[in-house]
Amino acid sequence: MDVFEPTGSSSRRGKKRKSTSQTEVESKKIAKLNTCEYVYEKLFVQGEDSDITVAACGREWKVHKLYLKQARFFE
């Protein structure tokens, strides 16, 4: 039995997967913070796992005892 193929079509079925270049893969990576940026973002900006909340000048800061111990004001 003969199979009719329209002109211009190939005998391959499906599509060939495009190969991804190294630059495409790198552009999809999530930017990671270095240690200093991570500490600043998590501990100071977000106040994650903070020990103390300091309220002053109409604002609140969530701080950590480890950093307060370094300031003579809190001794």
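Me: What pLDDT does the chain average?
Reply: This is a predicted model, where local features need pLDDT of at least 70, side-chain atom pairs count only at pLDDT 80 or more, and totals for chains, interfaces and linings use all residues. pLDDT is the predictor's confidence in each residue, from 0 to 100. Here 60% of the residues score at least 70, and the chain averages 76.

Me: Where in the chain is confidence lowest?
Reply: Helices (H or I, at least four residues) and strands (E, at least two) are DSSP runs, numbered from the N terminus. Strand β1 gets the highest confidence, at 90, while the lowest mean, 59, belongs to residues 22-28. Where pLDDT is low, the predicted coordinates should not be read in detail.

Me: Is C57 buried or exposed?
Reply: Buried means under 20% relative accessible area, exposed over 50%, and partly exposed in between (1.4 Å probe, protein chains only). C57 has 79% relative accessibility, so the label is exposed.

Me: How many disulfides does the structure hold?
Reply: A disulfide takes a pair of cysteine sulfur atoms within 2.5 Å. By that cut-off, the structure's count is zero.

Me: Which residues does V54 touch, not counting those up to four places away in sequence?
Reply: V54 sits in strand β1, residues 52-56. With a relative accessible area of 24%, V54 is partly exposed. Counting contact as heavy atoms within 4.5 Å, and leaving out residues up to four places away in sequence, V54 touches R59, E60, W61 and V63.

Terms used. Residues numbered from 1 in each chain as written. Heavy atoms only, no water.
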